[in-house]
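Open the model in your viewer and keep the selection tool ready. Each stop below says what to pick and what is there.

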Amino acid sequence: MKPVGPIPSGYETLDGELTIGGRTASALVEEAGGTPLFVYSGALLSRRVADLRAALPGRIGINYAVKANPMPAVVTHMAPLVDGFDIASSGELAILEKVGIDPARISFAGPGKREDELEAAIAAGVTLNCESAGEAARSLAIGERIGKRPRIAIRVNPSFELRGSGMKMGGGAKQFGVDADKVPALAREVIGQGAEWRGLHIFTGSQALSAEAIVETQGNVLNLAAHLTDEIGHGLPKLNMGGGFGIPYFPGDEPLDLAEVGRALGERVADLPKALAGTELCLELGRYLAGEAGVYLCRVVDRKQSHGTTYLVTDGGLHHQLAASGNFGTVVRRNYPSAIATRYDEEPAEEVNIVGCLCTPLDRLADQAMLPRADVGDIVAVFCAGAYGATASPSAFLGHGLAREILV
Ligand SMILES: *Cc1c(COP(=O)(O)O)cnc(C)c1O
C-alpha cells in the first residue's frame, strides 16, 4: 500500500459522490458531455484570494501567473479578484486580450521572447520583464520602430535561491533574468534610452511549503531591490517580489503557514528600506491560487488483474495530467491526492493501481492506493489539478485529444 496525497479542503459529499461547487461528479460529467474532464471551482479560487488578502499586508498586490491555468473562464473569474496578470507568451497575451484584461495590468516574463511577441506586447502597452540586455535592446528598437514607448522592467537573476523549492529559478547561472551585478547599468541604459521604467522582477523559485524559507527569501528580495535601486539612482515604481507559495501534493506535505508569511511580511513592509518607500509591491502566484481549485475526472473503462495486482484502467492519463503521473519535475513518483468520485463516502476496500489509456508504463495516476472497490463506469478524481494540468501535459500524445474543462 502506498498513501495518496492530502485531499484539499472544500470538497464535499452528496448522494455518496464527490461534489465540486455543490454538484456531484457524475452530474458535472454529464453537463460537460463526458470524461476526461477538468472541473475548476470558482468558489475555491475566490476563497484562496480572500485568504491571501486577509493574511497579507494591504500594500502587497497579488498577480496571477497565467501559465498555471490559462482557461479563459478562469482568467475571467480571476480578473476582479487579483491586481495583475503575469504572462509568459504572446499566446497568453491573446487570451487575456480576448477576455478584456487591461494591458496595463499585464507583465510579460520569460526567456526567448520573439520579435513578434515583443512587438505585440509593446504595442498593447504590456510591461516587459526583460530577461537579458539583448532583449532590452530589441525592445527599445521595436518601440522606436512602431513609435511606442516600451514599458520595461528588468528581471533580476539574484545570487540567492528559494530554499526547499521544487523548481529553482534563481542563483548561479540561469537562462532567467539579468545577473544582479549587471542590472544597475542596464537599468540606467534603458531609462536613458527613453523607456518607461517599470521596475524590477525577482522570482527565485516555486512550490515552497516552508514559511521560513519564503520569509527569508522575501527579506533577501527586498534588500536586493533596495540595493539595486540605490545603484540605479532612479526611484523604483514597482517590485514584483516573485512568489513560490506551494501546495501540498504528496503524503506528508504540510500546507504553507500563510499566517506566518503574512505576519513576517507585515513586519518587513512596516520597516521598508528608504529606497522602496514609494514602490508598489506585488507577489505573483500560480499554483497557490489555482492548483487546489481543480479536479481531474476520468472514467474507469476496464478493471483487470495482472499477477495479483488490480488495475483500474481509465480514459484519462498523463496526456492531461503529466504531473500526477510523476513525470513532470519529480524524481521519485508519489501519489497525488486521488479518490473514487462516485464512491466518495465508501470505506477503502482494496489496493489498486489506477492507470491511464496510453501505451506506456509511465501512464500511472495512482500506485498501490487503498480505495473503495470501483468498477467499470466509476469516476476517478485526481485533485490538485487546477494548475499545470490541461496545458502542461502532452495532450497530442497518442491522439486521444484534449480533456474537457469547465468552471463551476
Ligand atoms: C511559473 C512562474 C510563476 C508561477 O509559479 P507557481 O509555482 O505556479 O506559483 C511565477 N512567476 C514566474 C516568473 C514563473 O515563471
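Predicted model: local features only at pLDDT ≥ 70, side-chain atom pairs only at ≥ 80, totals over all residues.

Select Asn240 and Gly242. The side chain of Asn240 reaches the backbone nitrogen of Gly242 at 2.9 Å.

Residues are numbered from 1 along each chain as its sequence is written, and side-chain values use heavy atoms, with hydrogens and water left out.

Stay on Asn240. Is Asn240 buried or exposed? Asn240 counts as buried because its relative accessibility is 5%. (Buried means under 20% relative accessible area, exposed over 50%, partly exposed in between, with a 1.4 Å probe and protein chains only.) Asn240 is found in strand 14, residues 238-240. (Strands are DSSP runs of E, at least two residues, numbered from the N terminus.) Show what Asn240 touches: among them are Asn63, Asp86, His201 and Cys282, not counting residues up to four places away in sequence. (Contact means heavy atoms within 4.5 Å.)

Next, select the ligand. 12 residues surround the ligand, and the closest are Lys67, Ser206, Gly286, Arg287 and Tyr388. (Such a residue has a heavy atom within 4 Å of the ligand.) Pick Tyr388: a polar side-chain atom lies 2.5 Å from an oxygen atom of the ligand. Pick Arg287: here a backbone N or O atom lies 2.8 Å from a ligand oxygen. For Gly286, a backbone N or O atom lies 2.9 Å from an oxygen atom of the ligand. The protein covers 92% of the 390 Å² of accessible area that the ligand has on its own. (Areas come from the Shrake-Rupley method with a 1.4 Å probe.)

Last stop: the strands. Select residues 294-306 and 309-314. These are strand 16 and strand 17, which run antiparallel and are joined by six bridges. (Two strands pair if DSSP finds at least two bridges between them.) Find Val300; its bridge partner in strand 17 is Thr314. In the hairpin, two residues lie between the strands, and His307 takes a positive phi near 50°. Strand 17 pairs with strand 19 in the parallel sense over four bridges. Finish at Leu312, whose bridge partner in strand 19 is Ile354.

How values were computed: Polar contact = N/O pair within 3.5 Å; in protein donor to acceptor, adjacent residues only side chain to side chain.
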